[in-house]
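Trainee: Could we go through this structure together? I would like to know what stands behind each label.

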Amino acid sequence: MTEERANDLFQKWVRILRLGDWDIRFHWRVHPAEMAEKDSAGCSSYNWVCKQAVIEIADPAKYKMDMAGFEFDYEQILVHELMHLKMSLVDDPDDRMIGAVVHQLVDDLAKSLVAAMRENAVSV
């Protein structure tokens with residue numbers, strides 16, 4: 001993954017998800033130990049009131065998957081983190097159940113959107 005490709009994917013998904021009104025700082029190939037949420041594949045920090053966010057994606061060469069056999073899918077991780085911004089109004093960091101439901105929904109939607117795009121089922 002080149003920096004140009006990473007930025008192209010970021011811009012593409014910001015457009016698709018209609019996040020153009022957010023001020024988003026995008027950091028790719030971050031060392032997992034230096035991410036806001038240590039040792040994660042991706043991380044989103046945001047202020048939904050001001051619509052400001054920082055999206056970090058781990059450097060795949062330095063990231064160790066939690067479970068063996070699962071591929072590091074850069075685009076899917078990126079879409080997952082951007083979906084957190086779309087779902088920020090319904091998330092509640094103080095409620096573990098709501099947080100778990102929103103996180104699973106974010107992940108399911110990210111996987112589905114990326115798969116649909118790759119299958120040419122959705123055109124942009």
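Mentor: Gladly! Let us begin with a term: a pocket is an open set of grid points with protein on both sides within 12 Å along at least five of seven lines. Please keep in mind that this is a predicted model.

Trainee: What volume does the largest pocket have?

Mentor: The volume of the largest pocket is about 1,100 Å³.

Trainee: Which residues lie nearest the centre of the largest pocket, and how many line it?

Mentor: The lining is made of 35 residues, and G42, H80, E81, H103 and D107 lie nearest the centre. A residue counts as lining if it has an atom within 4 Å of a point.

Trainee: Which element gives the most to that lining?

Mentor: That is α3, with eight residues. At least two residues each come from β2, α2 (74-86) and α3 (96-118).

Trainee: Now to single residues. Why is S88 called buried?

Mentor: Buried means under 20% relative accessible area. S88 has a relative accessibility of 4%, so it counts as buried. S88 sits in the loop between α2 and α3. Leaving out residues up to four places away in sequence, S88 touches W22, Y46 and W48.

Trainee: And what makes H31 partly exposed?

Mentor: The label partly exposed covers what lies between buried, under 20%, and exposed, over 50%. H31 has 33% relative accessibility, so it counts as partly exposed. H31 belongs to the loop between β1 (23-30) and β2 (42-47). Its C-alpha atom is 6.5 Å from that of K62, although the two residues are 31 residues apart along the chain.

Trainee: How many disulfides does the structure hold?

Mentor: The structure holds zero disulfides.

Trainee: How do you know that C43 is too far from the closest cysteine sulfur for a bond?

Mentor: A disulfide needs two cysteine sulfur atoms within 2.5 Å. The closest cysteine sulfur to that of C43 is in C50, 18 Å away, and is therefore too far for a bond. Seen from C50, the closest cysteine sulfur is the one in C43, again at 18 Å and too far.

Trainee: Are C43 and C50 buried or partly exposed?

Mentor: C43 has a relative accessible area of 5%, so C43 is buried. C50 has a relative accessible area of 48%, so C50 is partly exposed. The cut-off for exposed is over 50%.

Conventions:
Residues numbered from 1 in each chain as written. Predicted model: local features only at pLDDT ≥ 70, side-chain atom pairs only at ≥ 80, totals over all residues. Heavy atoms only, no water. Helix = DSSP H or I, 4+ residues; strand = E, 2+ residues; numbered from the N terminus. Buried < 20%, exposed > 50% of the residue type's maximum accessible area, 1.4 Å probe, protein only. 1 Å grid on protein atoms, 1.4 Å probe; cavity = no way out; pocket = protein on both sides within 12 Å on 5 of 7 lines; lining within 4 Å. Points joined across faces, edges and corners; volume = space filled by probe spheres on them. Contact = heavy atoms within 4.5 Å.
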